[in-house]
Amino acid sequence: MAEEPKLNMLFMSLVLSLSQAAMQHMGKVTNPLTGKIERNLEQAKVTIDMLEMLKEKSKGNVVKEEDKLISETLATIQLNYVDEVKKEEKEKKEEKKEEKEEKQEEQK
């Protein structure tokens with residue numbers, strides 16, 4: 001089948017494209033349209049979920065290299081996602097602490 005190499009390349013391109021989108025949503029890379037680092041963890045999670053769905057739906061229909069690519073890509077972006085969620089939680093705690101301290105200063 002002459003189309004097989006083309007399909008393999010398209011599959012790998014899709015996986016890499018979704019990975020790049022997830023990294024962008026996590027604020028790990030610059031948004032090419034705005035030139036800014038932006039973080040939208042909800043959208044990152046949706047993109048990760050799409051990659052997980054793609055892996056599940058393509059099970060048994062991909063070559064070894066494609067399976068390895070999607071598995072390693074998912075592992076990498078999932079670890080980065082957990083990292084960013086923790087970072088966001090820490091930032092929120094610090095903001096609340098600062099607000100509490102400001103209120104206490106105002107009451108004095």
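User: Where is Glu84 found, and why is Glu84 called buried?

Analyst: Glu84 is found in helix 3, helices being DSSP runs of H or I with at least four residues, numbered from the N terminus. Buried means under 20% relative accessible area, exposed over 50%, and partly exposed in between, with a 1.4 Å probe and protein chains only; the relative accessibility of Glu84 is 2%, so Glu84 counts as buried. This is a predicted model, in which local features need pLDDT of at least 70, side-chain atom pairs count only at pLDDT 80 or more, and totals for chains, interfaces and linings use all residues. Residues are numbered from 1 along each chain as its sequence is written, and side-chain values use heavy atoms, with hydrogens and water left out.

User: Which residues is Glu84 in contact with, leaving aside neighbours within four places in sequence?

Analyst: With contact taken as heavy atoms within 4.5 Å, Glu84 touches Met26, Lys28, Arg39 and Leu41 once those neighbours are set aside.

User: Why is Glu101 called partly exposed?

Analyst: Glu101, which is found in helix 3 (residues 64-107), has a relative accessible area of 41% and is therefore partly exposed.

User: What makes Met50 count as partly exposed, and where does Met50 lie?

Analyst: Met50 lies in helix 2 (residues 41-58), and its relative accessibility is 37%, so Met50 counts as partly exposed.

User: How far apart are the C-alpha atoms of Met50 and Gln78?

Analyst: The C-alpha atoms of Met50 and Gln78 are separated by 12 Å, while the two residues are 28 residues apart along the chain.

How values were computed: Helix = DSSP H or I, 4+ residues; strand = E, 2+ residues; numbered from the N terminus.
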